[in-house]
Amino acid sequence: MLLIKNGRVVDPASQTDAALDVLLDGERIAHVAAGIDAPGAEVFDAAGLVVAPGFIDLHCHLREPGEELSETIETGSRAAAHGGFTAVCPMPNTKPVNDNAAVTRAILERAAKVSPVRVWPIGAASRASEGEALAEIGAMQQAGIVAVSDDGRPVATAKLMRQVMDYCRALGLVVIDHCEESSLAAGAVMREGPRSVRLGLRGMPAETESIAAARDIQLAALTGARMHVAHLTTRQSLELVRAGKQQGLAVSCEVTPHHFTLTDEDVVYDTRFKMNPPLGSREDHDALLAGLADGSVDAIATDHAPHHASLKDVEFDSARFGITGFETALALALEQLFHTGRVSLVRLVELFTTGPGRVLEKTRRIAPGEPADLTLFSLDYEWTFRAEESASKSRNTPFDGRSFRGAPMATIVSGRIVFRR
Ligand SMILES: [Zn+2]
Ligand SMILES: [Zn+2]
């Protein structure tokens with residue numbers, strides 16, 4: 001038994017924010033109360049720390065199978081634990097693509113051996129994510145996928161997206177949508193605007209995302225499917241999600257820490273600022289902050305996208321898209337959202353726990369009988385992030401050397417402490 005004593009328990013499901021102890025018995029939470037006495041239990045003194053339900057990351061790339069030079073399930077999941085995440089959802093764009101049950105099972109078997117956190121794979125929507133024919137969605141669901149997405153290679157035709165949604169609705173799976181109108185994005189490496197002109201880099205307009213989001217939200221209405229916008233970056237797409245919710249559609253969205261922290265004005269000739277979707281305008285950035293505060297954004301997701309230096313330390317135009325994100329996500333959220341007073345502590349925790357949980361129809365609560373997954377973090381701990389010390393295999397982050405106030409201090413999965421700072 002493990003007794004978490006003297007912590008500040010923040011549980012969005014019950015709107016709790018109180019000084020409570022939490023007793024874990026094996027893989028489950030046994031008791032939550034003030035002043036628990038449990039003779040014989042191992043005691044973790046959480047004085048000064050927030051005790052939250054285990055963080056879920058809806059969106060990451062672990063690169064295994066196929067690109068183990070950039071990341072493996074082992075290194076990526078360890079970086080996730082360092083970031084306070086107790087469950088992560090790897091996207092299917094591995095090599096081979098996770099578009100059939102054999103790949104899903106291989107990922108889950110590997111994770112069971114080496115991952116300190118839960119790995120909940122996302123299956124491809126189309127075969128090889130090529131946008132031609134449906135992937136083996138039903139068989140992958142039996143094998144353990146939690147959602148469906150062609151992340152990185154957006155579903156190009158409305159016809160196929162409609163089929164994917166029809167199928168996923170019948171199976172009760174959420175469709176996670178990398179919203180991108182491919183013809184507008186072709187050849188672009190950043191957001192189109194004054195900055196892209198000044199840098200002489202090809203940009204894609206904000207409408208690249210919102211045109212695709214508008215199409216697919218309408219298809220969600222047509223099919224009744226649950227649809228989740230991945231890494232939402234523009235004011236227009238956020239307004240479309242808001243309108244969809246008001247109509248009663250099962251539409252949700254996530255925002256990444258880099259998109260709510262940086263803008264296209266931060267982009268320099270450094271490929272650590274190259275990601276897809278690209279950093280948006282100041283106006284978009286401010287809209288994201290408002291959405292994170294008012295409840296229209298459901299989750300913070302990292303889109304952790306590790307790339308080996310050989311794929312990133314090249315010309316801007318030919319570098320891979322994406323940055324790492326597990327280990328800086330909470331600290332950036334505290335910096336941008338909590339320390340600025342934009343969101344309450346309960347809302348911040350919701351964005352990492354019950355919010356993404358709802359998207360997957362999984363509960364996250366600190367209550368007896370629930371899984372013993374907890375994230376303990378400090379609001380004040382001062383530290384500097386060093387990419388070279390990262391648990392990830394890759395170093396492609398624009399936040400190397402950034403100093404933070406607040407950090408994950410311990411990650412507990414199924415009653416076991418898998419990370420402690
Ligand atoms: Zn994507
Ligand atoms: Zn992604």
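Is T223 buried or exposed? In this predicted model T223 is buried, with a relative accessibility of 8%, where buried means under 20% relative accessible area and exposed over 50%, with partly exposed in between (1.4 Å probe, protein chains only).

## Basis of the model

The model is predicted, so local features need pLDDT of at least 70 and side-chain atom pairs count only at pLDDT 80 or more, while totals for chains, interfaces and linings use all residues. Residues are numbered from 1 along each chain as its sequence is written, chains are lettered from A and ligands numbered from 1 in the order in which they are written, and side-chain values use heavy atoms, with hydrogens and water left out.

T223 has its place in helix 7, helices being DSSP runs of H or I with at least four residues and strands runs of E with at least two, both numbered from the N terminus. Leaving aside residues up to four places away in sequence, T223 touches R162, M165, D166 and R169, a contact meaning heavy atoms within 4.5 Å. The C-alpha atom of T223 is separated by 47 Å from that of A46, a residue 177 places away along the chain.

Two packed helices are described by the angle between their axes and the distance between the axes. Helix 4 (residues 158-171) packs against helix 7 (residues 207-223) at an angle of about 45°, and their axes are 10 Å apart; the axes are lines fitted to C-alpha atoms, for helices over the stretch in contact, with angles running from 0 to 180 degrees between N-to-C directions. Helix 4 and helix 7 are therefore oblique to each other, since angles under 35 degrees count as roughly parallel, over 145 as roughly antiparallel, 65 to 115 as roughly perpendicular and the rest as oblique. On the side of helix 4 the contact is made by A158, M161, R162, M165, D166 and R169, which meet R215, D216, L219, A220, L222 and T223 in helix 7.

## The zinc site

The zinc ion (ligand 1) is coordinated by D151 through OD, H178 through ND1 and H231 through NE2, at 1.9 to 2.1 Å; donors are N, O and S atoms within 2.8 Å of the metal (3.2 Å for Na, K and Ca), and sites may look incomplete because water is not among the atoms. The spacing of these donor residues in sequence is D-x26-H-x52-H. D151 also bridges the zinc ion (ligand 1) and the zinc ion (ligand 2), which lie 3.5 Å apart.

H178 lies in the loop between strand 11 (174-177) and helix 5 (182-185), and H231 in the loop between strand 14 (227-229) and helix 8 (235-246), so the pair ties together parts that are 53 residues apart in sequence. Both H178 and H231 are buried, and for H231 the relative accessible area is 1%.

## Backbone features

H231 has a positive phi of about 25° although it is not a glycine. Q15 is likewise not a glycine and has a positive phi of about 55°; Q15 is found in the loop between strand 1 (2-11) and strand 2 (16-25), and it is exposed, with a relative accessible area of 58%.

A cis peptide bond with omega of about 0° joins K95 and P96, and P96 is found in the loop between strand 7 (85-90) and helix 2 (101-114). A cis peptide bond, again with omega of about 0°, joins N276 and P277, and P277 lies in the loop between helix 9 (257-261) and helix 10 (282-294).
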